[in-house]
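This report describes selected local features of one protein model. Please keep the sequence and the three-dimensional view at hand while reading.

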Amino acid sequence: MRFIFTGTGTSQGVPVIACTCPVCRSEDSRDKRLRTAGLLCSDTATLAIDAGPDFRQQMLRHEVRHLDAVVLTHSHKDHVGGLDDVRPYNYLQQRDMPVYGSRATLDHLHREYYYIFERPDYPGIPKLLLHEIGEAPFEAAGMALQPVPVWHSKMPVLGFRTGDFAYITDASEIPEASMQLLSGVKILVINALRIEPHYSHFNLDQALAAAEAIGPKQAWFTHISHLMGRHAEVSARLPGWAQLAWDGLELRWDA
């Protein structure tokens, strides 16, 4: 199994438009962050976790010529804003794109992408096959996934676990029941927005504390803003088992 970080940035990406801070002006490629998303890959299938505004650029950058499904964590724009760009896959694969999300997320898609559902036979619109998921395990693209409910302030968000790997983004609280679902995970991806506290995201200290409580062998932080600081400087202060991720980083493990 493989996971590719196609984006590790927060909702504005890094650099932020018009910002001249040291991070946004950094020449370190690890400080250039598209909106947070990833690819979960087996030997036979590729699944996208979220499809934000940078989805097209991410698929081109990683030369994703076949995509089997999209799994959505929640409905915020930086996680669903690129779904229109599944159209080339519709054409090449000659089928609707399976999209998995909570009831609230799918309801949002009906509003944001109303043209898909109001005129389903109009040429050129994306073809989506929506699948509602709750807290029960499900299968997408032949991969077994366990939803992991977390809180993004007062908004429910779904993380996902498959085998020894778990992915959590946009969390500010992990309920005890979800901590149990994460027990024994070896590779954890979790959001860490910045150094200072934030009302709806873990900051770095909170992400470290959550990771320590879960106890993986590796923890990788994502959904990182320019307020975190430069990658090299922050990483130098972190323990070896927990590090900032960067766009293009690839993780591998045995299924």
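Nine aromatic pairs are counted under the following rule: rings of Phe, Tyr and Trp (its six-membered ring) pair if their centres lie within 6.5 Å, and planes under 30 degrees apart count as stacked, over 60 as edge-to-face and the rest as tilted. One of them joins Phe3 and Phe5, whose ring centres are 5.0 Å apart; the pair is edge-to-face because the planes stand at 90°. Phe3 also pairs with Phe165, again with centres 5.0 Å apart, but here the planes meet at 35°, so this pair is tilted. The latter pair connects distant parts of the chain, since Phe3 belongs to strand E1 (residues 2-7) and Phe165 to strand E10 (residues 165-167), 162 residues apart. Helices (H or I, at least four residues) and strands (E, at least two) are DSSP runs, numbered from the N terminus. Through ring pairs, Phe3, Phe5, Phe165, Tyr167 and Trp253 form a cluster.

The model is predicted: local features need pLDDT of at least 70 and side-chain atom pairs count only at pLDDT 80 or more, while totals for chains, interfaces and linings use all residues. Residues are numbered from 1 along each chain as its sequence is written, and side-chain values use heavy atoms, with hydrogens and water left out.

The table gives the accessibility of several residues. Buried means under 20% relative accessible area, exposed over 50%, and partly exposed in between (1.4 Å probe, protein chains only).

| Residue | Relative accessible area | Class |
|---|---|---|
| Phe3 | 0% | buried |
| Phe5 | 0% | buried |
| Phe165 | 1% | buried |
| Ser225 | 7% | buried |
| Asp50 | 1% | buried |
| Glu63 | 53% | exposed |

Ser225 sits in the loop between strand E12 (218-222) and helix H8 (231-235). Leaving aside residues up to four places away in sequence, Ser225 is in contact (heavy atoms within 4.5 Å) with Thr10, Val14, Leu193 and Arg194. A polar atom of the Ser225 side chain lies 3.0 Å from the backbone nitrogen of Leu227.

Most residues other than glycine have a negative phi, and most peptide bonds are trans. The peptide bond from Val14 to Pro15, however, is cis, with omega near 5°. Pro15 is placed in the loop between E1 and strand E2 (37-41).

Two residues other than glycine have a positive phi: Asp50, near 70°, and Glu63, near 50°. Asp50 lies in the loop between strand E3 (46-49) and helix H1 (55-61), whereas Glu63 lies in the loop between H1 and strand E4 (69-71).

Notes: A polar contact is a pair of N or O atoms within 3.5 Å; within protein, one must be able to donate a hydrogen and the other to accept it, and residues adjacent in sequence count only if both atoms are side-chain atoms.
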